[in-house]
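The sequence and the structure are shown first.

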Amino acid sequence: MSTAAGGTPTQHQEEKALPLMTRHRPFAWLLLVTGVVGFIASWWLVIEKLEVLQDKNHATICDINPWISCGQVMQTAQSSVFGFPNMFIGIVAFPVIITTAMALLSGARFARWYWLGLQTGVTLGFAFVCWLWSQALYAIGILCPFCMIVWAMMIPMFVWVTVRNIVHGVIPVPEKFRKSVGDFAWPLVALLYIGVIASILIRFSGVFFGSTM
């Protein structure tokens, strides 16, 4: 594909110069996958929460043992930080991500204010997930498998929304950093996953490896 009239690079050429996952379609697919999986996990948690509200003795699908149990986590104060079950936040928030992804796949382009709003929402969501992770490990001492699915989706979503906004100039940074930030995104995602997995294995080492370790 050649340049446009006057030698100006076309939009397609400009996008090809960007890191792959910050281009519109790959980025949209990442949003779609993480949004759909996060929504399904949140939706299932809502169903289980409604069952628990009707019957406190209800055994959820992920009540495996005293350390891995959605039902026990649902009984804690941390599960309703804002006065209503946390999973309702996911039911509302993830559809926004899914809608954004579908719009991008259909060719839509959003203004800078929209991307700043999305960045704010995803950042707050990631911070909230980090807090819930710390509470699950060090305060409650119980893991919720469906909650962990949400954690897993928020990590690449937050990293790549942030990187995308930096690369596209939504978040102003020095030019040298803007050009190189895409190279570190997937390694950062991997490090965050490793950190979460390591913290879980260390915190619950007696459960996973036996009391002798």
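Is the crossing of α4 and α5 left-handed or right-handed? The crossing of these two helices is left-handed, a term used if the near helix is turned anticlockwise from the far one by less than a right angle.

## Basis of the model

This is a predicted model, in which local features need pLDDT of at least 70, side-chain atom pairs count only at pLDDT 80 or more, and totals for chains, interfaces and linings use all residues. Residues are numbered from 1 along each chain, and side-chain values use heavy atoms, without hydrogens and water.

## Packing of α4 and α5

Helix α4 spans residues 87-105 and helix α5 residues 112-140; they pack at an angle of about 140°, with axes 12 Å apart. Helices here are DSSP runs of H or I with at least four residues.

In α4, Ile89, Val96, Ile97, Thr100 and Leu104 meet Tyr114, Trp115, Leu118, Val122 and Phe128 of α5 (contact means heavy atoms within 4.5 Å). The residues of this contact comprise 9 nonpolar, 1 polar and no charged.

## Leucine 132

Helix α5 also holds leucine 132. Beyond its neighbours within four places in sequence, leucine 132 touches Gln78, Asn86 and Trp151. Its C-alpha atom is separated by 13 Å from that of isoleucine 89, 43 residues apart along the chain.

## Annotated regions

An unreviewed UniProt entry annotates "transmembrane region" at several stretches, including residues 113-134 and 184-209; such annotations may be inferred rather than shown by experiment. Residues 113-134 are 100% helix and 0% strand, with end C-alpha atoms 32 Å apart. For residues 184-209 the values are 92% helix, 0% strand and 33 Å (strands are DSSP runs of E with at least two residues).

Terms used
Axes are lines fitted to C-alpha atoms, for helices over the stretch in contact, and angles run from 0 to 180 degrees between N-to-C directions. Ala, Val, Leu, Ile, Met, Phe, Trp, Tyr, Cys and Pro count as nonpolar, Asp, Glu, Lys and Arg as charged, and the others, Gly among them, as polar.
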